[in-house]
Amino acid sequence: MSLSLLRSAVLCLCFLMVACSDSPPLAPLPQGATILAFGDSLTRGTGAPPEQSYPAHLARLTGFEVINAGVPGEVSAEGLARLPEVLQQAQPDLIVLCHGGNDILRSLDKATMLNNLQAMIDIARDSYIPVVLVAVPKRSLLLRAEPVYQQLADINSLPLQASVVADVLGDSELRSDRVHPNGAGYQIIAEAVYQLLQDSGAI
């Protein structure tokens, strides 16, 4: 095994080990469930072919339909405006919410971003749709999750995958550019989300 492959394997194992094992519980998803992956370019899979996006990898891991509702360049205010129609069309059993990265890149107001994400969570819950959060990193020399996501997870008792996006983007072999993973990186993100769903009891 090459050094790069070994490194990726070790990283993958580490990400799975740090997945939150005491995640707030979710009801098991029904057979034939639909998962909605809602977000921006990280969800769309920018930097990799469509079949290597994290929603595509997650569909293969779970055996469920995973709808990719990622819009590159979208900020949280635009995502909030878009979500109700997407929910009406998709009728999902669960939402994986990974949004806000463009707010952070553009240095938009963090309190507004938090409020927009909270409003998305409220819209989903008003429709009795459980939400899982995936954090994106804040702008800093050492990539770490933006604290807004932990705040939202704590306030709403939501399962949170806090570290995997930051860890993937911190490894040049797992990204296609400065802010997007490559196919291998998206696979690691999907595996971490899959582990989180298992830990929370959804699957």
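Reader: Which residue in S3 is the bridge partner of Ile35?
Author: The bridge partner of Ile35 in S3 is Leu94. Strands here are DSSP runs of E with at least two residues, and helices are runs of H or I with at least four, numbered from the N terminus. This is a predicted model, where local features need pLDDT of at least 70, side-chain atom pairs count only at pLDDT 80 or more, and totals for chains, interfaces and linings use all residues. Residues are numbered from 1 along each chain as its sequence is written, and side-chain values use heavy atoms, with hydrogens and water left out.

Reader: How many bridges are there between S1 and S3?
Author: Strand S1 (residues 34–39) pairs with S3 over five bridges, in the parallel sense. Another of the bridge partners is Cys98 in S3, for Gly39. Two strands count as paired if DSSP finds at least two bridges between them.

Reader: And what about S4?
Author: S3 and strand S4 (residues 131–134) run parallel and are joined by three bridges. Val96 has Val132 in S4 as its bridge partner.

Reader: What is the order of the strands in the sheet?
Author: The order is S2-S1-S3-S4-S5, an open sheet of five strands with parallel pairing. Strand S2 (65–70) and strand S5 (160–161) are the edge strands, each pairing on one side only.

Reader: Is S3 buried or exposed?
Author: Five of the five residues of S3 (residues 94–98) are buried, so the strand is largely enclosed by the rest of the structure. Buried means under 20% relative accessible area, exposed over 50%, and partly exposed in between, with a 1.4 Å probe and protein chains only. Leu94, Val96 and Cys98 point one way, Ile95 and Leu97 the other.

Reader: Helices now. At what angle do H4 and H6 pack?
Author: Helix H4 (residues 76–90) and helix H6 (residues 110–126) pack at about 10°, with axes 9 Å apart. Axes are lines fitted to C-alpha atoms, for helices over the stretch in contact, and angles run from 0 to 180 degrees between N-to-C directions. H4 and H6 are therefore roughly parallel, a term for angles under 35 degrees.

Reader: Which residues meet there?
Author: Among them are Leu80, Leu83 and Leu87 in H4, and Met113, Met120 and Ile123 in H6. Contact means heavy atoms within 4.5 Å.

Reader: Last one. What is the mean pLDDT of the chain?
Author: The mean is 90, and 88% of the residues reach 70 or more. pLDDT is the predictor's confidence in each residue, from 0 to 100. Over residues 1–21 the pLDDT is below 50. Where pLDDT is low, the predicted coordinates should not be read in detail.

Technical notes
Parallel < 35°, antiparallel > 145°, perpendicular 65-115°, else oblique.
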